Amino acid sequence: GHDVMSAVLKWRKTGTKGWHEEPMECIDPWNRDHWRGAFTVLEMGAHEFTIEAWGDTWKSWQHEWHMKFGARQPDLKSETLEGAAFIEKAARLANLRKKNADAEWLRRLAKEMKNAAPEQVNALVYDPELDALMWQHGDRAVSAALMPDFAQHTELVPDNSQAALGA
């Protein structure tokens, strides 16, 4: 099968280190090659933005699980262990980011998942808290960022007249 892609729109004030990011939405589910994203500039001054995309192993696994569970395949043990391994990897990444509570929660869930029946795994797979943590601590090691030809990042300068209207 094909990997499920994920993408974020990243922006920052020019000259700062850290990026803000917002998930992008795929607006062409058939071809999956048209995406939309938006962000709000929070302070005056020049800003730069870029797009980062990656093959999302967790979402790809969720899709595979959904198909196999829905088809009532009798033995899903290897898929269960694979999903638990993705969660354990996210726990390690959370640990590296000093998010110890997230890491502990993910480790506990992975352990629970390894010994669960397929019906229990199916309920865990779509837990909103798990989804949020897998997004936050997912593996982006093979991501790619868009770097426009005309600059390292595309620069924006907010319109002062529009900003004054909102004040």
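**Figure 1. Strand E1 is mostly covered in this predicted model.** Of the 9 residues in strand E1 (residues 5-13), 7 are buried. The model shown here is predicted. In a regular strand, side chains alternate between the two faces of the sheet.

**Figure 2. Strand E1 pairs with strand E5.** The two strands run in the antiparallel sense. Their pairing spans 9 bridges. E5 covers residues 47-55. One place to look is valine 8, whose bridge partner in E5 is glutamate 52.

**Figure 3. Strand E1 also pairs with strand E2.** E2 takes in residues 20-23. E1 and E2 are antiparallel and share 4 bridges. E1 and E2 form a hairpin. Between the two strands lie 6 residues. Glycine 15 sits in the turn and has a positive phi of about 95°.

**Figure 4. Phenylalanine 39 pairs with phenylalanine 49.** The model holds 6 aromatic pairs. In this one, the ring centres of phenylalanine 39 and phenylalanine 49 are 6.1 Å apart. Phenylalanine 39 belongs to the loop between strand E4 (35-36) and E5, while phenylalanine 49 is in E5 itself, so the contact ties together parts 10 residues apart in sequence. Is phenylalanine 39 buried or partly exposed? Its relative accessibility is 21%, so phenylalanine 39 counts as partly exposed; the buried class is under 20%.

**Figure 5. Tryptophan 54 pairs with tryptophan 135.** This aromatic pair is tilted too, with 45° between the planes. The distance is 5.5 Å centre to centre. Tryptophan 54 comes from strand E5 and tryptophan 135 from helix H5 (residues 128-137), so the pair ties together parts that are 81 residues apart in sequence. How do the two partners stand in terms of accessibility? Tryptophan 54 has a relative accessibility of 4% and counts as buried. Tryptophan 135, at 24%, is partly exposed.

**Figure 6. Arginine 140 sits over the ring of tryptophan 135.** Here the ring of tryptophan 135 has a charged neighbour. The charged end of arginine 140 is 5.7 Å from the centre of that ring. Tryptophan 135 also forms the tilted pair with tryptophan 54.

**Figure 7. Four aromatic residues form one cluster.** Which residues make up this aromatic cluster? The members are Trp58, Trp61, Trp65 and Phe69.

Notes. Residues are numbered from 1 along each chain as its sequence is written. This is a predicted model: local features need pLDDT of at least 70, side-chain atom pairs count only at pLDDT 80 or more; totals for chains, interfaces and linings use all residues. Side-chain values use heavy atoms; hydrogens and water are left out. Buried means under 20% relative accessible area, exposed over 50%, partly exposed in between (1.4 Å probe, protein chains only). Two strands pair if DSSP finds at least two bridges between them. Rings of Phe, Tyr and Trp (its six-membered ring) pair if their centres lie within 6.5 Å; planes under 30 degrees apart count as stacked, over 60 as edge-to-face and the rest as tilted. A charge sits over a ring if NZ of Lys or CZ of Arg is within 6 Å of the ring centre and within 35 degrees of the ring normal.
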